[in-house]
2 protein chains.
Amino acid sequence: MRPTDFSAMRCPVARAMAVLGERWTLLILGEAFAGTTRFDAFRRNLGIAPNILAARLAHLTAHGLLLRVPEGGRHAYRLTPRGRDAFPLYLAIRDWGLSHFFPEGAAPTVLLDRATGEPVLAPRPRRADGTPIGPEDVVIRPGPGAGEAIRRRFGPGAAHG
Amino acid sequence: MRPTDFSAMRCPVARAMAVLGERWTLLILGEAFAGTTRFDAFRRNLGIAPNILAARLAHLTAHGLLLRVPEGGRHAYRLTPRGRDAFPLYLAIRDWGLSHFFPEGAAPTVLLDRATGEPVLAPRPRRADGTPIGPEDVVIRPGPGAGEAIRRRFGPGAAHG
């Protein structure tokens, strides 16, 4: 059986995970968010094998999250708008990892807002009135790009699930 | 060289990705958020091979995101608080995938708030005054659980990056 092509699935999470779904990828993005641009700095800061790093950087470049630009006789990897736009999801993954896989009060790093000194945390989904929204509050409906299968599953009168 | 053990890394994103960093995992969580609990329903809705689904469900159960409970002579997979708490990151990944890998106006599905009918979107990180926070606004500092390497890199006087 051939591996599923996630980038061809009609699902935003599948297409996102076709790009992000390899564990080093988000750590490399995290380095880019922290200002790292050079191959050697990524390698040193992450303790990642050079061949794996080269493959992951090529993957992020091919998918438009990083741009490889000449700089001082070598190359720098710069975040594109698409890469920069992954910051909210990075933050949400970080907060969840911190809450669930570290003891209370044992954060290895904290992120602070340069302007205010306040901690930077992923905001939780809320209504306009401030009440939190959880998965049980959500109804899934076919969108304008829905195919037949999605319309059958989530359209009017569908048996949900 | 042995593969890196992400769950042992002193990094919340690494530990999160030790659990989430396989592409099917988030799709399975998405099904759980949509109310799916049965093996056969996961299999059918995702079009996933049974052996892969069984392995992923066992992984999510072992890491405490799902609970396997007897129900009607078979089993149901129920979200735990840890699994439920992944909803904000799921939403953030979904929104990013939709913005960057689908044409404008071609969303296959929309998520609506059951209470208000409003679209449910991942909120962007903002300051108390409402201004957006991007990666360049963030300073990384050692947290209470920082080790020597993190203190050297992010502590006072460290050369950033």
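Into which domains is chain A divided? In this predicted model, chain A is divided into domain 1 (6–84), domain 2 (87–123) and domain 3 (128–161). The centres of domain 1 and domain 3 of chain A, taken over C-alpha atoms, are separated by 32 Å.

Strand β1 (residues 66–71) of chain A runs antiparallel to strand β2 (residues 74–79) of chain A, and 6 bridges join them. A:L66 stands opposite A:L79 in β2(A). The two strands form a hairpin with 2 residues between them. In the turn, A:G72 has a positive phi of about 55°.

Chain B has its own pair of strands. Here strand β1 (residues 66–71) of chain B is joined to strand β2 (residues 74–79) of chain B by 6 bridges, again in an antiparallel arrangement. B:E71 has B:R74 in β2(B) as its bridge partner. The hairpin of β1(B) and β2(B) has 2 residues between the strands. B:G72 takes a positive phi near 60° in this hairpin.

Helix packing was examined next within chain B. Helix α2 (residues 23–33) of chain B contacts two helices, α4(B) and α6(B). The axes of α2(B) and helix α4 (residues 50–62) of chain B come within 10 Å. They cross at roughly 75°, and α2(B) and α4(B) are therefore roughly perpendicular to each other. On the α2(B) side, the contact uses B:W24, B:T25 and B:I28. These meet B:I52, B:R56, B:L57 and B:L60 in α4(B). By class, this contact of α2(B) with α4(B) has 5 nonpolar, 1 polar and 1 charged residues.

The axes of α2(B) and helix α6 (residues 87–101) of chain B come within 11 Å and cross at roughly 115°. Therefore α2(B) and α6(B) are also roughly perpendicular to each other. Their crossing is left-handed. B:L26, B:L29, B:G30 and B:F33 in α2(B) meet B:F87, B:Y90 and B:I93 in α6(B). The residues of this contact divide into 6 nonpolar, 1 polar and no charged.

The interface between the chains was then considered. In total, 79 residues of chain A are in contact with 79 residues of chain B. On chain A, the elements that give two or more residues to this side are α1 (12–20), α2 (23–33), α5 (81–84), α6 (87–101), β3 (109–113), β4 (138–142) and α7 (148–154). The largest share, 14 residues, comes from α6(A). By class, the side of chain A that touches chain B comprises 48 nonpolar, 16 polar and 15 charged residues.

How do α6(A) and α6(B) pack, and at what angle? The two helices pack at an angle of about 160°, with their axes 8 Å apart. An angle over 145 degrees counts as roughly antiparallel, and α6(A) and α6(B) are therefore roughly antiparallel to each other. The crossing of α6(A) and α6(B) is left-handed. From α6(A), the contact takes in A:P88, A:L89, A:A92, A:I93 and A:W96. From α6(B), it takes in B:P88, B:L89, B:A92, B:I93 and B:W96. The residues of this contact divide into 10 nonpolar, no polar and no charged.

β3(A) runs antiparallel to strand β4 (residues 138–142) of chain B, and 5 bridges join the two. Within this pairing, A:L112 stands opposite B:V139 in β4(B).

Technical notes
Residues numbered from 1 in each chain as written. Chains lettered and ligands numbered in written order. Predicted model: local features only at pLDDT ≥ 70, side-chain atom pairs only at ≥ 80, totals over all residues. Contact = placed C-beta atoms within 7 Å. Helix = DSSP H or I, 4+ residues; strand = E, 2+ residues; numbered from the N terminus. Nonpolar A, V, L, I, M, F, W, Y, C, P; charged D, E, K, R; others polar. Pairing = 2+ DSSP bridges. Axes fitted to C-alpha atoms, helices over the stretch in contact; angles between N-to-C directions. Parallel < 35°, antiparallel > 145°, perpendicular 65-115°, else oblique. Left-handed = near helix turned anticlockwise from the far one by under 90°. Domains from an automatic or database assignment.
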